[in-house]
Amino acid sequence: MSLLLKRRSRSETRAETPPNAAKQEQQQQQSPAAAKPKESAALLNGSEQHLQRLGLGMSNGLGMGRRKTSAELISEAKLFLGDLSSNAAAATASTTSGARLVSTRRPITPREPGRVLYGKVALAGRPPSAFSMRYLQSEQQPPPRQLPALPHATSQAASAAAAPATRSGALLSQCTTETLIELLKQHSGLKDCNEETVQHIQAILQELYTRVRRPERSFKRAFILGGLYGLVECTAPRILLALARVVLALRVTGSNLTGACKLIFKVARHEQHDALFHEHDVLELLVDGLGSASPLDEPEACIYAYGCIRFLTASNAQERDDALNRNWSAESVPDVLPAASKVLSSSAPDPRKLNGQQTLVARLARHGTVELMILHLQLLNEAGAERRLSGPPLHTLYQLSAAMRALADVAQHLERLQLQLQLACPHLIRAAEVSMGELEVQANVVRTLSVLSEDVACCETLLNYAARLGLLLGPCSQLEPSSERLLAVLSRLGYMLGNILAKHESARVQYYHNDVAMEYLLDVLQQLSARSSANQSEALLDAQIKLIRVVANMSVNAEVGAGLCHLHGLGQVLLQLLQTASLALDVGNAAPAELLELLHATLGALHNLCFYQDKQATSAAASSAELATPTAAGSLQSLIAELATELAKALGRCQAQALCTKVELARVLGNLTRNELARRCFCAAGGLPLMVQQLTRQCGGQDYELRTCAIGVLVNLLGDGEQRAPFLQLRGAELLALLLRGALEQEDWFLANIVCQALWNLLIDAQCARSLCQEGGILDEVSDLLADYLDEERLAASEEHNEEEQPEPEAEPDADADTELAHDVLWEDFALVATDLLERIQSNFDRQRHAMAQPDNEDNDNDNDNDVVFIDKM
C-alpha cells in the first residue's frame, strides 16, 4: 500500500502542466462542484481534476457539469501524442465546448441542358434563348449600292487589279469609312461562308473598329449600323464578335445595345467558341455598354449580357460541384466543417480549362464588372421595394444573380474578386427578400449566396445577417412543401445558414434570440418531417439534411444548445427524422444515399443537444424543485425515454460495416445515458448487450473511436445498480479485463483510464465485487496489470527500449518535448484512477477474506452508489 500512496503523491504534486491546462482548470473551477462522499474523495479529488484536463469528467449520478466530451477527449489525446495533423488540430481546438459541427455536401444542383438562359425554368414573358436578328436589318437600311472605285484607281484595269488587294489591311486603311461600309454591304444577308471570306470581312470590321473607337472623331452612326446589320445572320462566330465590337465602340443604347448583346450571346452559348473571347476586348466593351444601361429601362440588354458572362465563367461549375460532392462521404463525416476553399482546390477540374476561365474572370474583375452588378442590384432592389418586380426586370435579376454565382465559383483564386463579392452580399440578401413569391428567381439568388457562404471573407459579412436570412424561411413555411423549386430554396437557405453558424459564435446567438426566425425554422422542419417516409425524393431529403444541420451547428453554443432542449416541438421533429432516416440501416433496403446522410445529420444535432442535457424533469427521482419548470410539449426534454429506445433500435439495425454510423450513435448515447431515465429505457430496449457487442468485435485500428465511445456508454450504464449483474452475465468483467490488457500493452493510457472507470462502477456493487473476488481470476489479472504498469521503473525501461528501436525523429526539439510531456500527462492521469481502482480491488479482497474467516458475521457492506462515476460528456 505504501507504493500506491507514493504513486499518488507524485501524481498530485507534479510541477508541470500540459499546454492549455491552466485555462481548462480555470473553466472547470467556475462550474459548481458537487459534494463528494469521504470514501471516494481520493478518486474524485485526484483523478477528476486530471481527467477533466483531458475532457473526461466524472460526476454524481445525475450530474450534468460543463466539461469536455469523449469525442474531444479522443482528438485531444491523439493531438498530444502527435497523431493529428496541424489542420485537424486547429479544427479540434475550434470546438472548445465539445459539441460538434456537422458538415454536408453542396445542395443538389440539377444539370442544365447546355448553355441556355433559363433551362427548364418557366418564367412568364421571358426572352427566348434562341432568336433571330432580322428585325435589325429593317432599321436604317439604305438600298444597296455598287462598290465604288478604290482611291488612286483611275482606270478599269487598275480597279480590277486593285480589287483583290482590298483584303490587305494596308489598303483598307486608305479607304474612306463610306467605302468600308459599301464593302460590307456587298455581303449583306450572308449566312455560311468560307475561311477566306471570314478573314476578309473581319479585316474590314477591324479597320472600322479602329476608327470608331477614337472619341475625337464623329461618324454617321445610322449609316454605319445600316451596313453592319446586314451581317447579323452570319453563322461565323468571328464575324459576329467583330460586328459586336464595332457596334459597342459606337456607344449605342436602346435596341442597338440589345442587338450587340444578342450577337455576343449567340457566340457565347456554344462552349467551343470560348477561346475567341481571349483574342480581343469584346468582354470589356460589353461591360462598358452595360454601364450605360439600366436593368429597368434596358432589361433585355442586361439579360443577354449577364447570360454571356454566366456562360463564359461557369463552364466548369457543374464539374466543380460534382468533384466537391465526390470528395464528401456520409461514411466519413468529419467532426468539423472543412474550409470550402480547401475542398474546392483539392477537387478542381482540368487546370487548362480552369486557367482559361480564370483569365476571363480576372479581366471582368479588373474592368469593374462586379461593381456594375452591385449597382444594378441596388436599382432592382429599390424598384422592388416600391412595387413587385415582374417581367424583364425580374428576369434580369435571375441572370445577374446566376452570373455572380458563376464568378463566385472561381473567386477563391482571385483576391480582388473576393473583396468585390464580399461587398455584394448585403445586396443579394435584399434581392432574396425582394424576390419573395418568385421561387425561380429567389432560388437563383439564394443559390448565389450559398456559394458565397463557403468563402471565409463573405461568411464574415453574412454573419451579421444570420437571423435576417432565417426570416426568408417564413413564406416557405406557409407553402405546401411539394414543389422541387421550393425545396431547392429551403436546401440552399439551410446550407448557407449552416455554413455561417459553423464558423461564427455570434451568429448562433443572434439567430437563436430572434424568435420569429426560430419559429419559421421549426415550422419548416415540422412540415418536412411530417412528409411520408415512403417515396421520399432526393430534393426533400436534401432540404431536411441542410435544415437539421442548422440546428446542429447552432447548438454548438452552450446557451443555445441548452435552450433548444426545451424548445417545443423540436424533440418530436428529431425523433421523427431519426425514425425515418433509420430506414437506411435496414438490410436489403435500397435507400438513397441522402437517407444515410440525413441520419448522420440528425445524430449530429442530437449529439449536441444531449451534450447540454440536464437532469430537470427527466428522472423519476427528480425533486419537486427541479420539476418547478414545466416541460414543453414535444421538446427533447419530454421525449428522453422515446429517444433512448429509438437509439437502441437504430444501433441494433446497424450492420458490421456501418462503423461511422455506430460511432455517431455511441456518441449520442454517451451524452444521453448520463440521464437515469434514458439509461433505464435504453437498457430495457436491449441496449446493454448491444454495447457489449460493439466491444467484442475483432476490428482493426479504425474502430478506436467506437471502442472508446462504447466504453464511455458502459461507464454510464454501470452507474445503475440493476445493470451490473446482467453485465456480469454477459461476461462483461472478462471483456473489461481484456480491453484493459490491450490498452496497457499499447500504452494507451487514455483508453486504459476509461476502462478503469467502468471497472470502478462495477465494483461499487457489493454483490458483484463478492462474486468476482470468489472467482479470483479476473480481479487477480486486473490487479497484476495495474501494479505492473503503475511501476515507474518499468515505464522508464519501456521508454528507453522504444527510443532504441525507433529512428531519431526529425521534429523540432520543442515539439518532441511537448509530445513527451503530453504522454506523461496521460500516464499520470491514468495512474491516478488506476491507483484508486487497485485500492478498491484490494479492499474487496480483504473484505472477502474477512467474511470467509468469520462466516457467522453478517456482511453489512451495502452498495454505495454515491461513489458512481459517469462519463460527463461525449
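**Figure 1. Buried residues of helix α36 in the predicted model.** The buried residues of α36 are G687, L688, L690, M691, V692, Q694 and L695. Seven of the 10 residues of this helix (residues 687-696) are buried, so α36 is largely enclosed by the rest of the structure. The cover over these buried residues includes α33 (640-653), α34 (659-672) and α35 (676-684), and also α37 (704-717), α38 (724-729) and α39 (732-745).

**Figure 2. Buried residues of helix α14.** Helix α14 spans residues 282-291, and eight of its 10 residues are buried, so the rest of the structure largely encloses α14. The buried residues are V282, L283, E284, L285, L286, V287, G289 and L290.

**Figure 3. The largest nonpolar core.** This core has 241 residues, of which L205, L228, F277, L490, Y511, L786 and F830 touch the most other members. Helix α40 (residues 749-764) gives the most to this core, with 13 residues. A second, separate core of six residues includes L101, A502, V556 and Y612.

**Figure 4. Contacts of Y511.** Leaving out residues up to four places away in sequence, Y511 touches A466, A467, G470, L473, L497, L501, A517, M518, L521 and M554.

**Figure 5. The surroundings of C610.** C610 lies in helix α32 (residues 593-611). Its relative accessibility is 0%, and buried means under 20%, so C610 counts as buried. Not counting residues up to four places away in sequence, C610 touches L636, L643, V668, N671, L672 and R674. One of these, L672, is 62 residues from C610 along the chain, and the C-alpha atoms of the two are separated by 5.5 Å.

Conventions: Residues are numbered from 1 along each chain as its sequence is written. This is a predicted model: local features need pLDDT of at least 70, side-chain atom pairs count only at pLDDT 80 or more; totals for chains, interfaces and linings use all residues. Side-chain values use heavy atoms; hydrogens and water are left out. Buried means under 20% relative accessible area, exposed over 50%, partly exposed in between (1.4 Å probe, protein chains only). Helices (H or I, at least four residues) and strands (E, at least two) are DSSP runs, numbered from the N terminus. Contact means heavy atoms within 4.5 Å. A nonpolar core is a set of buried Ala, Val, Leu, Ile, Met, Phe, Trp, Tyr and Cys residues joined through side-chain atoms within 4.5 Å.
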